[in-house]
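Hello,

Please find the structure below.

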Amino acid sequence: MIRKILCKIVILCASCALFAQSPSIRLGVLKGISCAPCAYLIENKEKLAVQNMNFQIFDSAQSELPKLLRGELDAGFLTAEDAAKVFTAGKGALVCVGVVQNGNAVLLSREENVTALEDVRGKRVLCSANDSAAKVFEHLLLKKGIPVAQGASSVALDFSVPQANIANKLILGEESFALLSEPYATVALLNAKEIRRAESVQKIYSESEDFSTYPAMFLVVRADFARENRDLIRRFSDVYKNALNWTNKNPSKAALLAEKHGLGLSQAVTSAAIPNAALTWRDGKSAKSDIEKYLTILKREIPTEEFYF
């Protein structure tokens with residue numbers, strides 16, 4: 001009898017130990033400035049209100065997304081357009097918990113007399129074909145009556161240069177204008193004193209679109225995980241918000257952690273980029289109207305109400 005009781009106690013203890021070690025959330029983290037707050041989470045994971053989190057770092061959303069859809073991750077980060085596309089195509093496979101970054105693209109110039117969009121008429125602007133900020137920029141130009149084409153009264157958007165090489169073209173003086181998001185904008189500014197911030201796309205957007213912002217990156221969760229773990233997701237949201245606030249207040253320390261934990265960012269660039277990276281937190285439901293407006297500009301399908309956690 002005593003032996004049976006002891007066996008049950010051993011089994012129970014083993015089960016408890018296994019449960020304690022199992023991850024509460026398996027989080028996919030993208031390399032880059034968007035996920036810089038995750039470095040704080042990784043560094044302090046044993047001290048956080050949400051315990052036993054597991055982190056996997058990815059070079060791109062293309063390598064992260066399949067694991068999310070297969071259930072090998074519980075949560076991750078996707079651009080607004082990718083998240084909406086997956087939700088629609090995957091019949092509600094993912095939900096948006098919150099916006100973690102707004103758009104931060106800036107128009108960089110080597111010409112001192114450019115201070116507004118009107119000053120870019122007749123110029124060519126290098127843009128990344130992979131950055132949706134270019135579509136927002138085009139929308140803003142057209143809204144202000146500036147054609148997007150070749151010509152003295154137009155603006156020519158040039159997508160011929162890969163995103164990773166655009167900053168170098170500007171640094172070397174081979175081009176005079178470029179639209180860049182962080183951290184690429186900071187790379188250009190740190191390497192050539194002749195380059196300046198001519199205009200913020202987010203600022204123009206806010207002035208043109210009734211003081212709204214356009215969201216760049218979402219925290220997303222698998223829909224089935226969300227249904228079963230609503231309280232856990234709320235607690236994790238609070239933990240992430242704290243990490244994000246700390247990151248914004250301590251860019252130098254955050255940059256060191258990002259480099260330490262392999263987020264693909266150098267300390268010098270990250271430290272300078274964080275103040276301009278538009279890292280933020282906004283619940284998905286409260287950002288719904290801004291998200292829908294942004295997706296309309298991108299000509300993407302608008303997700304249904306179930307998209308918002």
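**Largest pocket**

The largest pocket holds about 1100 Å³ of space. A pocket here is an open set of points on a 1 Å grid over the protein atoms alone, where a 1.4 Å probe fits and protein lies on both sides within 12 Å along at least five of seven lines; lining residues have an atom within 4 Å of a point. Grid points are joined across faces, edges and corners, and the volume is the space filled by probe spheres set on them.

This is a predicted model, in which local features need pLDDT of at least 70 and side-chain atom pairs count only at pLDDT 80 or more, while totals for chains, interfaces and linings use all residues. Residues are numbered from 1 along each chain as its sequence is written, and side-chain values use heavy atoms, leaving out hydrogens and water.

The lining of the largest pocket has 41 residues, with S34, T79, N130, Q163 and M217 nearest the centre. Elements that each supply at least two lining residues include α3 (61-69), β3 (75-79), α7 and β10 (215-222); helices (H or I, at least four residues) and strands (E, at least two) are DSSP runs numbered from the N terminus.

**Chain**

There are 13 helices and 11 strands in the protein chain. Its C-alpha trace spans about 95 × 40 × 30 Å along the principal axes. Of its 309 residues, 49% are buried (under 20% relative accessible area, with exposed over 50% and partly exposed in between; 1.4 Å probe, protein chains only).

**T186**

T186 sits in helix α7 (residues 184-191) and is buried, at 3% relative accessible area. Leaving aside residues up to four places away in sequence, T186 touches R197, V269, A272 and A273, where contact means heavy atoms within 4.5 Å.

**Aromatic pairs**

The whole structure contains 9 aromatic pairs. Rings of Phe, Tyr and Trp (its six-membered ring) pair if their centres lie within 6.5 Å; planes under 30 degrees apart count as stacked, over 60 as edge-to-face and the rest as tilted. Y205 and Y214 make an edge-to-face pair, 5.2 Å centre to centre with 65 degrees between the planes. Both Y205 and Y214 are buried. F218 and F307 have ring centres 6.2 Å apart and planes at 50 degrees, so this pair is tilted. Because F218 lies in strand β10 and F307 in the segment after α13 (288-297), the pair ties together parts 89 residues apart in sequence. F218 is buried at 0% relative accessible area. Ring pairs also link F77, F236, Y240 and W281 into a cluster.

Regards
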